[in-house]
Amino acid sequence: MVGPLKATTVLPYLSLAIWVPVAAGILVLALHRDRDAAAARWLALVGALAGFAVTLPLYAHFLIGTAEMQFVEAVEWIPRFNVNYLLGVDGISLPLILLNSFITVLVVWAGWVVIQSRVAQYMAAFLIMSGLTNGVFAALDGVLFYVFFEAMLVPLYLIIGIWGGPNRVYAAIKFFLYTLLGSLLMLVALIYLYSISGGSFSILEWYQLPLSLKTQILLFVAFFAAFSVKVPMWPVHTWLPDAHTEAPTGGSVVLAAITLKVGGYGFIRFVLPILPDASHYLSGFMIALSLIAIVYIGFVALVQPDMKRLIAYSSISHMGFVTLGLFLFSAMGVEGGLVQMISHGFVSAALFLCVGVLYDRMHSRQIADYGGVVNTMPKFAAFAMLFAMANSGLPGTSGFVGEFMVVLASVKANFWLGFLAATIMILGAAYTLWMYKRVWYGQVGNAHVAALKDLSQREFWLLGALVLAVLALGVYPKPFTDVMHASVADLLAHVAQSKL
Amino acid sequence: MTMQQIYLLIPLAPLAAAIIVGLWGPRLGRATSHRLCIAGVMVSTLASAWVLRDVLAGHDFNGDVYTWMTSGGVKFTIGFLIDPLTALMITVVSFVSLMVHIYTIGYMADDPGYTRFFSYISLFTFSMLMLVMANNFLQLFFGWEAVGLVSYLLIGFWYERPTAIYANLKAFLANRVGDFGFVLGIGLIVAYTGSLDYATVFGAAPVIAGTTINLLGDAQWSVMTAICIGLFVGAMGKSAQVPLHVWLPDSMEGPTPISALIHAATMVTAGIFMVARMSPLFELSDTALSFVTVIGATTALFMAVLGVVQNDIKRVIAYSTLSQLGYMTCALGASAYSAAIFHLMTHAFFKALLFLGAGSAIIAMHHEQDMRRMGGLKKYMPITYWTMVIGSLALAGIPPFAGFFSKDVIIEAVQLSTVPGHTYAQFAVTVGVFLTALYSFRLIFLTFHGEERFRHGPAHGDAHAQERAHEDPRESPWVVTLPLIVLAVGSLYTGWAYVGDTVFGDFFRDSIVVIEQHAGLAEMREEWHGVVPFMVHGLTGAPFWLGVAGIVAAWFFWSRRPELPDRIASALSGLYTLLINNYFVDRFNDFFFAGGFRRVGTVASEVGDRVIIDGFFVNGSARAVGATSALLRHIQTGRIYHYAFAMILSVLALLTWWSVR
């Protein structure tokens, strides 16, 4: 018996979304011809494109207006423990799967020239990572979720540890331990839920499970340990700047655009609906941490001398909007948090790619080593300006949408919440545009900057794709939010229903 | 073509031009680029005029273009509200923009960024038009921020100049501080009305006027006051009111056409327009109106004082703009919204004229902007000179020029206002008239009369200074002088021609709401008997004579006895230092905000993140684990008898524990 969910699709699109990239990754590894790096690259690109292509029917055939799980696949996996291969998406996970598969294509393409050593392994790591991440977003079984959740750490760990910067080992271990410690507690929570639910690992069944407040709080702490590290929330964020600075460009892109979203998603999928009373009980705590992330981290970002660290801190600050929005328990807040996740996926990916463009040419991430890049790279400067503005939350770009929704929702909850959240308008603009001023504007800073070449065709289209995404979400977010409404309403119904 | 399509055409024509020229400008070439942009704005101007005519015939419009998003029961839309206020604004904006586009051909002729510049100013025109045409707060905020963005790009247009890229960052951040308040105001509106649509919000306004909100301690604030002050903080950023005015003088780092378009005629008027648009809200909070009045009065007076001591020709006009925006704000505070919009319109003409005229002088001076190195330009540049004189007379409020009418109405309205702070405002706007005339004609005398100081050899020895010293200045080409003449005609004509309709007539219909308690303008309306009696009445009033006194004083100090001002300055050196440093506001901001933010950031980063979280907790626990395992390692000796001994001890200990228990 697999539970109440029945398979609802002809083609197993979700399985394809997970296993096509993984299979492509294994294939790249298996062919393993480092002498013929070009073949590995092309194969990886084809794999990534195929992985993206199989997610498109998910959007095309997605039924708007229902909170039911769609494209459900249910197969027995370990019958002895009632563990099932249970997949499904709703309006919350679907956009994240699309985002992930889209970013994977960009990342593979971004590593085209820079990565010259162990090309096959590099590409394979990203493809496998992409499939596993889709698994996280699609899994509806606790064990399955946990397996994907842990497994996706490994490729990223390798990406940082092998292709990273000089201090990569410290960063990789820090990243691994931080996230592992958190997820071990989550495993305990999952097993506990299994035992008291009478032997079910179905996440959706757990939504109906009555739990005392004390139990809920303990479980909250366990899930919090896993997801707050991923988001990351203050004060468990310090692994992120280190991981970003040491990671290769592609690693940073995936880390910021995708991995962090797993944390936010975890809160939505597990914490809010399974532990509604604890969520309400601890919402003040969560909101306080989110606001600290927004304000405090905004100040920290201001003084970073390293571009990647600056963008990493900016990510933490922007992700504060996600957790803030979620714990306001209003439709606009939750949807704002979701939109913020998608937008941050585009914008942070774009900013890290921009730093990558500079790093590939000058091998420095220090702001002080630049100055006047616009003189030698005008096209690039135009792209960077657009992304900087998106990061500052300018209307018309995706960065505005989520921030605006969350600020509106917070003012509605309490004026001072909105007041503190809205400081990102000043701080975000301050750190982003000050960096832009020092790196791009001004007279040519030195001979290295004078020798810079503008974007190659590949870089141009890579950033161009993100420009389109950022503007599309900014000018017409309705298609994105329409997908979410029903699921968010359902989520809020669960949150509103006490389990005591 | 339906009217709706025409409405759409107004913002989209310049947007299309901006995109095409922005993407392919260098490939299209200069002439094609500027033709495209001018064509785009020309379409907007003609369509706006058509819409104005249609609106005057009584055809308003309020409808959505598309739904941007829905969330939490709130509908976010993009849509247009076409009423007299909008129609007037789009006409002024697109017309001034068109003049500036034409002028730019001459002014930017030698600039390598020519096509980029055209793309920016067309994009700006699009943003401003979206702002004034909005029928909801979302689109208003979009336009609001978009003009901020373009202003940022244009102030930093010459991105190699350190001062320019300092000024544009400063401008953006000062505006963002305003937008911060603006967003909170919008947030409160959505929280209390559940809508972003103007009509719905205005409809709900009387209902929420009685609601209070607990903001600080137990003090109950009227929600409407909180909303209006929030919105007005946004206006203080865009319309450069004290203390968020700091960005405007520095914005003169941008090319002169921009100073005329953005920092005189359009973007800075966004705040004024917004408050007028929100009159149904502001009318319901006397506290907010009082706040508006005091801020406006302070700006009007204190910025006018600064105008008198500036030496950079553009900065004089910039401070003048600040002061005049203060006048408009005062009018808003006095519930004389139509007077504020009327002054906005006349000011757009003569201020654009003054900036473009100053630009013309700057071209002749080979991009020298210091008036101390000009002088005597009158005989070389007659068109520039005479148009500038017209602009200055209009600014100084001398009849029958446009500024006289708009300013006189404001002064009277402030006198009749009853909100707290109106006496202070009355003093400020009256003294301001003298100062306005003083700095305006100081500029005229220093630039166009007297000794030809530009011949005094190279001041900093560059090639431009050499050219200045040896060549006679020349009048600018027709693309520069034509806009000057057109705007001069506007400065002459718009005052007496429109004051009757816009201020005293029923031009604005229900697009501006004034409640009965704020009847100042209504009283004036009853005493209105036409333009000529109004002028005659003006000639007997204090403001007119103060203006004349200002002109005479300017003549005396800067033409008759030019050595006097320096002597006064050194006699009052303390005051002079205060003024020339802009009351030390910039220093304070640099130290307290810019520096303070960085210091907080450094402490948070170095102490909070590096020492406490990373040093103590993260690496500390790693070290603790390391130290513990180093200790434990001693136990792991690998010798059987050690382990056996430990086992025996443990068994004994357990047995003891059991038996004792």
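Y583(B) is partly exposed, with 16 other C-beta atoms within 10 Å; a residue counts as buried if 20 or more other C-beta atoms, placed from the backbone, lie within 10 Å of its own, as exposed if 12 or fewer do, and as partly exposed in between. Y583(B) lies in the loop between α25 (573–580) and α26 of chain B, where helices (H or I, at least four residues) and strands (E, at least two) are DSSP runs numbered from the N terminus. Its phi is near 55°, a positive value in a residue other than glycine. The model is predicted: local features need pLDDT of at least 70, side-chain atom pairs count only at pLDDT 80 or more, and totals for chains, interfaces and linings use all residues. Residues are numbered from 1 along each chain as its sequence is written, while chains are lettered from A and ligands numbered from 1 in the order in which they are written.

A positive phi near 55° is also found in chain A, at H363(A), again a residue other than glycine. H363(A) is placed in the loop between α15 (331–362) and α16 (373–376) of chain A. With 9 other C-beta atoms within 10 Å, H363(A) is exposed.

Two cis peptide bonds of chain B concern proline. One runs from V242(B) to P243(B), with omega near 0°, and P243(B) sits in the loop between α8 (223–238) and α9 (247–250) of chain B. Another joins P399(B) to P400(B), with omega near 5°; P400(B) belongs to the loop between α16 (382–396) and α17 (402–416) of chain B.

Chain B as a whole contains 27 helices and 4 strands. Its C-alpha atoms fill a box of roughly 115 × 65 × 55 Å along the principal axes. Of its 661 residues, 57% are buried. Two residues are in contact if their C-beta atoms, placed from the backbone, lie within 7 Å; among the contacts in chain B between residues at least 6 apart in sequence, 80% join residues at least 24 apart.

Within chain B, helix α2 (residues 30–56) and helix α4 (residues 114–133) pack at an angle of about 15°, with their axes 9 Å apart. Axes here are lines fitted to C-alpha atoms, for helices over the stretch in contact, and angles run from 0 to 180 degrees between N-to-C directions. Angles under 35 degrees count as roughly parallel, over 145 as roughly antiparallel, 65 to 115 as roughly perpendicular and the rest as oblique; α2(B) and α4(B) are therefore roughly parallel to each other. Their crossing is left-handed, a term for a near helix turned anticlockwise from the far one by less than a right angle, clockwise being right-handed. The residues of α2(B) that meet α4(B) include R30(B), H34(B) and C37(B), and those on the α4(B) side include Y114(B), F118(B) and L129(B). By class, this contact has 5 nonpolar, 7 polar and 1 charged residues, with Ala, Val, Leu, Ile, Met, Phe, Trp, Tyr, Cys and Pro counted as nonpolar, Asp, Glu, Lys and Arg as charged, and the others, Gly among them, as polar.

Chain A has 23 helices and 2 strands. Its C-alpha trace spans about 70 × 60 × 40 Å along the principal axes. For 500 residues a compact globule would have a radius of gyration near 23 Å, and the 22 Å of chain A agrees; this radius is taken over C-alpha atoms, and the globule rule is 2.2 Å times the number of residues to the power 0.38. Buried residues make up 64% of chain A.

Helix α2 (residues 37–60) and helix α3 (residues 93–110) of chain A have axes that come within 9 Å and cross at roughly 160°. They are therefore roughly antiparallel to each other, and α2(A) passes α3(A) in a left-handed crossing. Their contact has 14 nonpolar, 4 polar and no charged residues.

Elsewhere in chain A, G182(A) lies in helix α7 (residues 168–196) and is buried, with 22 other C-beta atoms within 10 Å. Leaving aside its neighbours within four places in sequence, G182(A) is in contact with A225(A), A226(A) and V229(A).

The two chains meet where 43 residues of chain B contact 40 residues of chain A. On the chain B side, α6(B) supplies the largest share, 15 residues. That side divides into 27 nonpolar, 9 polar and 7 charged residues.
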